[in-house]
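Me: I am new to this one. Could you show me the structure and take me through it?

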Amino acid sequence: EDLKQYVKSLSGFQPRTMKRKMATLKAMLNFIEMEDDDFINPMRKLKINIKVPFLLPPVMDSMEVASILTTLYREKNACSSKTGYRYQEIVRNIAVVELLFGTGIRVSELCALRLASVNLHNGFIKVYGKGRKERVIQICQDAILEALHEYQRFCLPSSRQNTFFFINHLGRNLSSQSVRIMIKKLALRSGIHKPVTPHTFRHTFATLQIALGTDIFTVSKMLTHKNVSTTQIYAELVNEKKRESANRISLK
């Protein structure tokens, strides 16, 4: 009865949260059952089916991406001095946003990027993803290379102990939370009122690649997905946008 009441109390949560909480409870009760022969696991008498709706990931369109970049470059041009902290901060933020959008890397990978892993002369970076898997990302876009070059020139002191590429004003490695806060504020300044996170850039990158005709297996490798089925959701997103566009045309 207590378990039934607990399940009812979860009705206000999102389906994924409900499933996670139930999985945690099930794991605990299974452990007690394994340790205590006299314990009767109440989960075995309770059948719960929580359906998780299929949700497409949030992405930005090209106008929203352009708006964010325009805001950053406009703020950079408005700085009167190239030696102040504000100018250095904007230059760093441009490099962060250009790299996130242009490569689709995770924010954790960006913040963990080491100086030794960045080769701007040959235009590539070495990224260590989940499970410490190393991959090399070739950077072909001039805008990204230029942003990284400028960041390195203006923001990275030549004689410093820190081995991280992206650093804060204290000289320490930039945190994922700092990037999330920066992007949230930047989106608002750009007139975008829907939630925008570093992972939104990753979704946008993947969707754009598929829309441009890159095959799903290549995109899956770019994003280091274990299964191609994980990448399939972006193809569905592209198809959904095509259907919406076709419906708008037919209504006109």
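Me: Thanks. How many helices and strands does the protein chain have?
Reply: The protein chain has 10 helices and three strands; helices (H or I, at least four residues) and strands (E, at least two) are DSSP runs, numbered from the N terminus. Please note that this is a predicted model, in which local features need pLDDT of at least 70, side-chain atom pairs count only at pLDDT 80 or more, and totals for chains, interfaces and linings use all residues. Residues are numbered from 1 along each chain as its sequence is written, and side-chain values use heavy atoms, with hydrogens and water left out.

Me: In what order do the elements run?
Reply: From the N terminus on, the order is α-α-α-α-α-β-β-β-α-α-α-α-α.

Me: Next, the core. Which residues of the largest nonpolar core touch the most other members?
Reply: They are L99, L148, Y151, F166 and F201, out of 45 residues in that core. A nonpolar core is a set of buried Ala, Val, Leu, Ile, Met, Phe, Trp, Tyr and Cys residues joined through side-chain atoms within 4.5 Å, where buried means under 20% relative accessible area (1.4 Å probe, protein chains only).

Me: Which element gives the most to this core?
Reply: That is α4, with 10 residues.

Me: And what is L99 in contact with, leaving aside its neighbours within four places in sequence?
Reply: Its partners include I105, L110, I125, L148 and F166; contact means heavy atoms within 4.5 Å.

Me: How much of the protein chain is buried?
Reply: Of its 252 residues, 39% count as buried.

Me: Lastly, what box do the C-alpha atoms fill?
Reply: Taken along the principal axes, the box is roughly 70 × 60 × 35 Å.

Terms used: Buried means under 20% relative accessible area, exposed over 50%, partly exposed in between (1.4 Å probe, protein chains only).
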